[in-house]
Amino acid sequence: PLPQGQRKAQTIIFNPTWTPPDSPWVAKMKDVTPGEKVEAGSKLNPLGPIKIPIGLPSLIHGGKSPAKLGTFASHGCVGLTTPQVKDFAVQLGQLSQTELTPESMNARLKNPTQTQVLKLKNSVPVELRYESIVLEDGKLHIYKDVYDESSNTEENLRAVLEANGTRLEDLNEQQRAEVLAALNQMSAHPKAMP
């Protein structure tokens, strides 16, 4: 599970190398050895084009396929697709008052075997939270409670809706029924529905 809590981002690493940890999941891999550096640009490197250290043991990094997001496809890191991590890196640049435009980022990424480190002018606080109910761009997303933290509750649903200016009672009867059924289905222990 992703370690939750306050962290900070201080650097962005373009075309990162990867050193596989001494973990059982690495031992199952055929072509990598724990502790042996995997070069930037290697197809064996799972970090994608950008990694952002946020304090051990976690990173924010790219290279994830959209199909793996929301699944057990990481080992304590925040895995993003490449477009997502690029957008996030530019936002970090803005928040830290560090010059990083999409164009300058793409120039740094041009040679995938050349690692480059950008030190941010100011640290950016990063809070890691486990949220399985999210209202984004006017759409309600209910994700599977994969860590069995009882996060998919009606109480949490109401809190998310109210934080975004609406209430469960504002939905019509069919919408409420669909949302509550999805909430149940995506809980760690769904109950049989009538």
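The model is predicted, so local features need pLDDT of at least 70 and side-chain atom pairs count only at pLDDT 80 or more, whereas totals for chains, interfaces and linings use all residues. Residues are numbered from 1 along each chain as its sequence is written, and side-chain values use heavy atoms, with hydrogens and water left out.

The chain has five helices and seven strands. Helices (H or I, at least four residues) and strands (E, at least two) are DSSP runs, numbered from the N terminus. Along the sequence the order is β-α-β-β-β-α-α-β-β-β-α-α. The C-alpha trace spans about 55 × 40 × 25 Å along its principal axes. The chain contains 194 residues, and 32% of them are buried. Buried means under 20% relative accessible area, exposed means over 50%, and partly exposed lies in between (1.4 Å probe, protein chains only). Contact means heavy atoms within 4.5 Å. Among contacts in the chain with a separation of 6 or more, 55% join residues 24 or more positions apart.

Helix α2 (residues 82-95) packs with helix α3 (residues 102-109). The angle is about 120°, and the axes are 10 Å apart. Axes are lines fitted to C-alpha atoms, for helices over the stretch in contact, and angles run from 0 to 180 degrees between N-to-C directions. The two helices are therefore oblique to each other. Angles under 35 degrees count as roughly parallel, over 145 as roughly antiparallel, 65 to 115 as roughly perpendicular and the rest as oblique. The crossing of α2 past α3 is right-handed. A crossing is right-handed if the near helix is turned clockwise from the far one by less than a right angle, and left-handed if anticlockwise. From α2, the contact uses K86, A89 and V90. From α3, P102, M105, N106 and L109 take part. Five of the contact residues are nonpolar, one is polar and one is charged. Here Ala, Val, Leu, Ile, Met, Phe, Trp, Tyr, Cys and Pro count as nonpolar, Asp, Glu, Lys and Arg as charged, and the others, Gly among them, as polar.

P102 belongs to helix α3. P102 is partly exposed, at 40% relative accessibility. Its C-alpha atom is 20 Å from that of A40. P102 and A40 are 62 residues apart along the chain.

Two residues other than glycine have positive phi values. N15 has phi near 50°. N15 sits in the loop between β1 (5-14) and α1 (24-27). N15 is buried, with 3% relative accessibility. D148 has phi near 55°. The loop between β7 (139-142) and α4 (154-163) holds D148. D148 is partly exposed, with a relative accessible area of 43%.

S58 is another loop residue, placed between β2 (50-53) and β3 (59-61). The relative accessible area of S58 is 2%, so S58 is buried. Leaving aside residues up to four places away in sequence, S58 touches L2, P3, R7, P53 and G76.

L135 lies in strand β6 (residues 133-136). L135 is partly exposed, at 25% relative accessibility. Beyond residues up to four places away in sequence, L135 touches L140, V160 and N164. L135 and Q6 are 129 residues apart in sequence. Their C-alpha atoms are 22 Å apart in space.

E131 occupies the loop between β5 (116-128) and β6. E131 is partly exposed, with a relative accessible area of 41%. E131 and Y143 are twelve residues apart in sequence and 8.3 Å apart in space, C-alpha to C-alpha.

H189 falls in the segment after α5 (173-185). H189 is exposed, with a relative accessible area of 55%. The C-alpha atoms of H189 and L171 are separated by 25 Å. Along the chain, H189 and L171 are 18 residues apart.
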